[in-house]
Amino acid sequence: MTSPSDEGKQAFDIAIIGGGIAGITLAIALINRGINVKIYEQAHAFGEIGAGVAFSPNATQAMEICSDGIYQGFEKVATKNQWQSKEKVWFDLVDGYHHDESMGNQEKFLFQLSNELGQNAVHRAHFLDEMVKLVPEGVSHFRKHLDVVTEEESGKLRMRFHDGSEAVADAVIGCDGIKSRVRQLILGEDDPGSQPQYTHKYAYRGLIPVKRATEVLGEENAVNAKLHMGPNKHILTFPVNKGETMNVVAFCTNSDPWPDSRHLTMPSKKPTAIQEFEGWGRNCVEIMNLLEDDLDCWAIFDLGDHPLRTYYKGRIVLSGDAAHATTPHHGAGAGFCIEDSAVMAELLAHAAARVKSGKVSKNQALEATFAAFETARKERTQWLVQSSRLNGDLYEWRAEGYGSDIEKIEKELRESNEIVWNVDVRKMAREAVEDLEKRIA
């Protein structure tokens, strides 16, 4: 890893559009390498939507590359399975649909997916709170909704925001998520890849106190990660908040269009969610009954129908969900955002050193950096989008060629999760830097 130093100081002024997990981890990584950076966030403050998010070994590698502080913040708020015997378990996959009364509150065990870290869930807001502590004052600018980016005669990029304000930078990195404005500027507003698409899956999300969940479901089910499979639906349950709370995400699939593409969430009520799982096994019905009365229903959109043809244009580039927004069925979207941050930070640190040495111009170095970034990241991240879609159908016994064949489903899930988990992020970053050096030379 490139050591933090003043080497990159004044070499570049980097603008990051968006202050979610992708934007803030990249900003911290660049600050850690002495590179000037500003974050422009359209909200009035940092914030993450959603509740629980999981990180696997690839993500924790990337955190350590970005900054020790990011990894330490993750460790501070992460929650594992509460039973020591489940320490390495990612999820126990169980049959949530069929039920044998003789089994009580136990569902039929199908198979188990494990890795070296097991389940590591954080509450998004709590994780982001830890990240914000690492961002110096003056870096972040709020209520900045990007409209356009133009290039000046000086070579600087000028950003114009919806409030009439302007700012300049040497490069613009779009970390502005699934509804990315930067993606529209790179691809063109009429490009089909510029807009996310509905996957015909939606999810009810909720939090249940573990004490109450234990009373109804039994301790094993309440404090360890479970994936409840069934036809056209599935439920994830896993502990968050240091084991005090059970996070619930109940997914459903149908062919109907989402009512309002401008809003990815809609208010709902518990009776609606209960009705969705009518006829399911006892545990899944009880889980829905334990949810709070007022719920949010989340539409699952991604960029899978029209994969992006490019991640960059000149000195404007996409990172994180802006480039490869994925469904959550691998539990890897946020982790891949942090992989992006690690690789991008190493590339920009190397490019800054080359600019300081006089070997290459600033603009040439930045364009070469973004080309190397795309080469390093595009194939892996686009694979995730498609593989995650398949996973969502595997969990619901609706994937073509798999159906409810548990042996086939298990084999596919093991193989695809190995691709996510068993990667050397440091090697990936080194190879990207080697590619950048060839481009500069």
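Student: How many disulfides does the structure hold?

Tutor: A disulfide is a pair of cysteine sulfur atoms within 2.5 Å. This structure holds zero disulfides. Please note that the model is predicted: local features need pLDDT of at least 70, side-chain atom pairs count only at pLDDT 80 or more, and totals for chains, interfaces and linings use all residues. Residues are numbered from 1 along each chain as its sequence is written, and side-chain values use heavy atoms, without hydrogens and water.

Student: Are Cys-284 and Cys-297 buried or exposed?

Tutor: A residue is buried under 20% relative accessible area, exposed over 50%, and partly exposed in between, with a 1.4 Å probe and protein chains only. Cys-284 has a relative accessible area of 0% and is therefore buried. Cys-297, at 8%, is buried as well.

Student: How should I read a sheet?

Tutor: Strands of a sheet pair through backbone hydrogen bonds, either parallel or antiparallel. Two strands pair if DSSP finds at least two bridges between them. Strands (E, at least two residues) and helices (H or I, at least four residues) are DSSP runs, numbered from the N terminus. Here, eight strands form an open sheet with mixed pairing, in the order E5-E4-E13-E14-E15-E12-E17-E16. Its edge strands, E5 (108–114) and E16 (265–269), each pair on one side only. Neighbouring strands of this sheet are turned by 25° against each other on average, direction ignored. Such angles use axes, which are lines fitted to C-alpha atoms, for helices over the stretch in contact, and run from 0 to 180 degrees between N-to-C directions.

Student: In which sense do E13 and E14 pair?

Tutor: Strand E13 (residues 226–230) and E14 pair in the antiparallel sense, over five bridges. Leu-227 stands opposite Leu-236 in E14.

Student: Which strands does helix H6 touch?

Tutor: Contact means heavy atoms within 4.5 Å. Helix H6 (residues 210–217) packs on the sheet and touches strand E12 (197–209) and strand E15 (245–253), its direction making about 95° with that of E12. Helix H9 (residues 282–290) lies across E12, E13, E14 and E15, at about 60° to E14.

Student: What is the strand order of the sheet that six strands form?

Tutor: The order of that open sheet is E7-E2-E1-E11-E19-E18, with mixed pairing. E7 and strand E18 (312–313) are the edge strands, each pairing on one side only. E2 and E7 pair in the parallel sense over three bridges, and Ile-39 stands opposite Ser-140 in E7.

Student: Where does helix H1 lie?

Tutor: Helix H1 (residues 21–31) lies across strand E1 (13–17), E2 and strand E11 (171–174), running at about 165° to E2. H1 is mostly covered, since ten of its eleven residues are buried. Among them are Ile-21, Leu-26 and Leu-30.

Student: How is a pair of aromatic rings described?

Tutor: A pair of aromatic rings is described by the distance of the centres and the angle of the planes. Rings of Phe, Tyr and Trp (its six-membered ring) pair if their centres lie within 6.5 Å; planes under 30 degrees apart count as stacked, over 60 as edge-to-face and the rest as tilted. A search of the whole structure finds 13 aromatic pairs. In one of them, the rings of Phe-46 and Phe-142 have centres 5.0 Å apart and planes at 85°, so the pair is edge-to-face. This pair links distant parts of the chain, 96 residues apart: Phe-46 in the loop between strand E2 (36–41) and strand E3 (52–54), and Phe-142 in strand E7 (residues 140–142). Phe-142 has 26% relative accessibility and therefore counts as partly exposed.

Student: What are the values for Phe-91 and Phe-238?

Tutor: Phe-91 and Phe-238 form an edge-to-face pair, 6.3 Å centre to centre with 80° between the planes. Phe-91 lies in strand E4 (residues 89–95) and Phe-238 in strand E14 (residues 233–240), 147 residues apart. Phe-91 is buried, with a relative accessible area of 5%, and Phe-238 is buried at 6%.
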